[in-house]
Amino acid sequence: MKKKLFLRWLTFICLFLITSAFLSLVIINRKAVGDGLFKRGRVFENPSLVAVGPDGSMAVVDMSKKRLTVIDKDSKQIFTMSGDSESEDSFFIISDIFFDDNGDLYLINYLSDKQGHFTIEERVAVILAGSNSVDTIFSLEYDESHTQLVQRGLLQGLGRGNLGVSFYQLYENSIFMYNLDEAASSFEKRKILELDNAWRVVAEISTADFAQALFTDNFGNLWYIKDGQPSPVELELRHPWAVSGYGSKGLAVVDFFTESLIICDNYDGELQLTFKFSDFSDYPIYKLNTSNGTLAFVSGDGIYYKSGDDFKLVEEFYLNDSIFLLNIFTFISMILSPIFFIILIIYFYIKILNRHISIIVKQLLLFIPILVLLVYLISHLAISDFTKRYYDSSTDRFSQVVQIITSNIQGSQALVEGEYGSDSYLDLRKYLLESLNFCNDKWNQDLYFAVYRVIDEKLYGFMYLNDGVGTYFPFDYYDYEESIYRNAWRGEVVSEMDIDFQGQWLYALGPIYADGKVVGILEVGTDLSAFKKQNLKLIMNISLRVGLLSVVFILFLVVITYVMMLSLRKLRDGVDAVREGNLETTVKVYNRNDEIAQLARGFNYMTEYLKKYFDQIQTLTNSYRRFVPNQFLNYLGRECVSDIILGDQVQQEMSLLFADIRSFTTLSERMTPKENFNFLNKYLGLMGPEIRKHNGFIDKYIGDAIMALFPLTPDDAVKTAIQMLQTLDEYNKHREKKLRVPVGIGVGIHTGQLMLGILGENERLDGTVISDNVNLASRLEGLTKYFSTQILLSRQSYERLQSPDDYFIRYVGKVRVKGKNKAEGIYEVIYENKSESNRLKIETKKLFENAVYLYEDGALIKAEKIFRDIYRSNKKDRACVIYLKLISFYKKNENYMQNWDGAITLSEK
């Protein structure tokens, strides 16, 4: 029983683990479910960075700088990594990437504070070729995290310098360059330029073969640095931004004002190629990358790289086989998880809860899933409500801030002049910073501001809290008619949530006026990535607290249930005692006057009644057992006499024993009916135990005869017959003392197939045995009178004896009884006692059997001689007498030997 219960629990646990695995796979891969599990092509989502490796592979950063995907030259996915992790072997947000000549991928990774607004650490990491693990090789922490100085990070320009992989660090008044010393696995740091407000003025900085650095500034200039001195690049540019060295002396630069990408063979200004943004996707180009001499950039959602004189577009990548196979498994899991969940529930309620399990355990198994579901629903509803309230309150707060700031704005003339760093520009910036109290308060620590203006139906960034843009930084937010930036330009205060290549934002917009005319748009908002982290933390906190409350509730429930179950346990113990047969059990429940007390009293009444009833049943059962043996019931597959039905039957090979009292009629005539019954009961009382002692059972009594069955071996029947004779000898000694006639019996034993079954009709049934073998066993008992023997065996019984040498057995010959055409070989079991005749039979056994074989072969003369010799020594050997008479008859009537088979044919039973 315990093994069966263990297997049930093991099956349940396996089903639970399989279901959990399926659900976990669907949850983990839920984004793929939304993208299409059988779709191998995937588009990049809000891409921002791209770099081309030496073998044509490509690294793309998308999903607002939080996912890195490396694809081969055929756009097949090699691996994908997700960021937003603060661990050393991953990345949080990627701001720059670069492939070296060996195919190693370097990246600049920065970590934000809890609000996701200030950079608190920057790391340079490498992903070695053929690997997909991130190793940090340089880190820079900022002690004062809540300062404008590190609001956007200070590391830029990852690329290949004169000594190998390099990058730049912008300080307040200088620019430093780091070069990787591969032999020492460290970076060499040196100052390459002193520049006032370098961290604020420098827009983009990049490596170049012909200079220590290339950089653009927010004033609209392009510079290169040689020997610690800046020199202007002689190009007609209005507002250059993205820049990168290209070739040994060339460069590539993006001019936001003219919306152009310009590629030069020489930094002295010799023009080679000019491309308009409209040649690609009409979207601005914010970052250039020239890893391994291949110019690549992102424009809108497309990835472009230069191949010859033209640019090639990569719009999507293709999942590798392992990821695609994972998606297939996810699809299979989507189908199987609900099926296994239903099977799990059904199995749980049918195979587990319906079994013998404590009520406490059942309650826990029922309540815990419900509580978990309630915790999830409560948390989900609470978080959803909180999120909506946060969005609503935040947008209201941002709108109020925008209204207050714009109604009292100072320095708005800067938007008309459009000059970066002018007095009016600085006045406007100072006013905005002071309005937000430099983001030093709890209510504004997570806020940023941005100022835009519209020129020729184009939206340009003009000022950022972090000085991360110039005065002509283009955005596409204004390009569609439903844009809220258009509503703000029309004079409305509006708000929304949006996702772009920089991140996810929640913000409000309002118009900035100068001389009663809208000259700009003020944006105040927050980075939602931090809110999501806080939201997740809130979910965990709520879940933890609700979970703890649930545990307390469950413990309380367990204690209450346990106290209530003390009385039920007494009842259970009482029931167990009754089940084990102890009907003297009573249950006492003190100090209670409720349903449990009533149940206890009812239980005690029941046990008292059951005791009386079972005593009656036991008496009746014992009585039935004397009419129908237990062995008979067992072979019919019934436990009780009441289970027997008409027609029950079974076929079985058994040994039959027939025992009959010699000359019982003569004995009976000398006794009264009462004495007859007393005699028979005494005799049967002596014989019955011997039969049961040797694995047999009595099928029926036929007057003075006994018919017994032995289901195991014929040895049991032979031993029983011998023991019956021994017991009878002792009984006869007792009779002789009372001057009564001794009793003799004959026993016939035969082995064969029998049909045990129930005969009769509905009102009168009888268990019996039906078979021709039963008749043969009865005939053998009758032959004991004919041969004047005590025990006769059939050939079938003799051949099945396991230990024939344990008995004195002699072959008597073949006999054809009345009603049988086939002769049956029979054997005499000689009971060894003080009888002289039996002793002589044992001594002449071999001679007798030899004579029988000669007789059966037709050698009557030789057989006659041996039989006469045996008869001279043992005149009580009735078998010799029979054979001598038969030989004499056949000698006189040789015509009867025409169909000779050596058998003794009997015409009477």
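With a relative accessibility of 46%, Asp321 counts as partly exposed. Its side chain meets that of Arg40 in a salt bridge, with an N to O distance of 2.8 Å. This pair links distant parts of the chain, 281 residues apart: Asp321 belongs to helix α4 (residues 321-352), and Arg40 to the loop between α2 (30-35) and β1 (41-43). Arg40 is also partly exposed, at 30% relative accessibility. The model is a predicted one, and a search of the whole structure finds 29 salt bridges.

Lys388 forms a salt bridge with Asp392, and the closest N and O atoms are 3.1 Å apart. The two residues are four apart in helix α5 (residues 359-407), so about one helical turn separates them. Lys388 counts as exposed because its relative accessibility is 52%, where the cut-off for exposed is over 50%. Asp392, at 36%, counts as partly exposed.

A further salt bridge involves strands. The side chains of Glu828 and Arg810 meet at 2.9 Å, N to O. Here too the pair links distant parts of the chain, with Glu828 in strand β40 (residues 824-829) and Arg810 in strand β39 (residues 809-816), 18 residues apart. Both Glu828 and Arg810 are buried. Salt bridges with shared partners join Arg810, Glu828, Lys841 and Asp877 into one network.

Acidic residues also form a surface feature. Glu417, Glu419, Asp423 and Asp427 make up a negative surface patch. Of these, Asp427 is found in helix α7 (residues 423-435). Its relative accessible area is 45%, so Asp427 is partly exposed; that value meets the requirement of over 30% for patch residues.

Strand β10 (residues 155-161) is mostly covered, with six of its seven residues buried. β10 pairs with strand β11 (residues 164-170) in the antiparallel sense, over five bridges. Gly159 stands opposite Ser166 in β11.

Two loop residues have backbone angles to note. Most residues other than glycine have a negative phi. Ser64 has a positive phi, near 55 degrees, and its place is in the loop between β3 (58-62) and β4 (67-71). Ser64 counts as buried because its relative accessibility is 8%. Asp282 likewise has a positive phi, about 75 degrees, although it is not a glycine. Asp282 sits in the loop between β21 (271-276) and β22 (285-289). At 54% relative accessibility, Asp282 counts as exposed.

Key: Residues numbered from 1 in each chain as written. Predicted model: local features only at pLDDT ≥ 70, side-chain atom pairs only at ≥ 80, totals over all residues. Heavy atoms only, no water. Patch = residues over 30% accessible without salt bridge, like charges linked within 9 Å, V, L, I, M, F, W, Y side chains within 5 Å. Areas by Shrake-Rupley, 256 points an atom, 1.4 Å probe, with all protein chains shown as cover. Salt bridge = Lys/Arg side-chain N within 4 Å of Asp/Glu carboxyl O. Lys, Arg positive; Asp, Glu negative; His and termini not counted. Charge placed at Lys NZ, Arg CZ, Asp CG, Glu CD. Buried < 20%, exposed > 50% of the residue type's maximum accessible area, 1.4 Å probe, protein only. Pairing = 2+ DSSP bridges.
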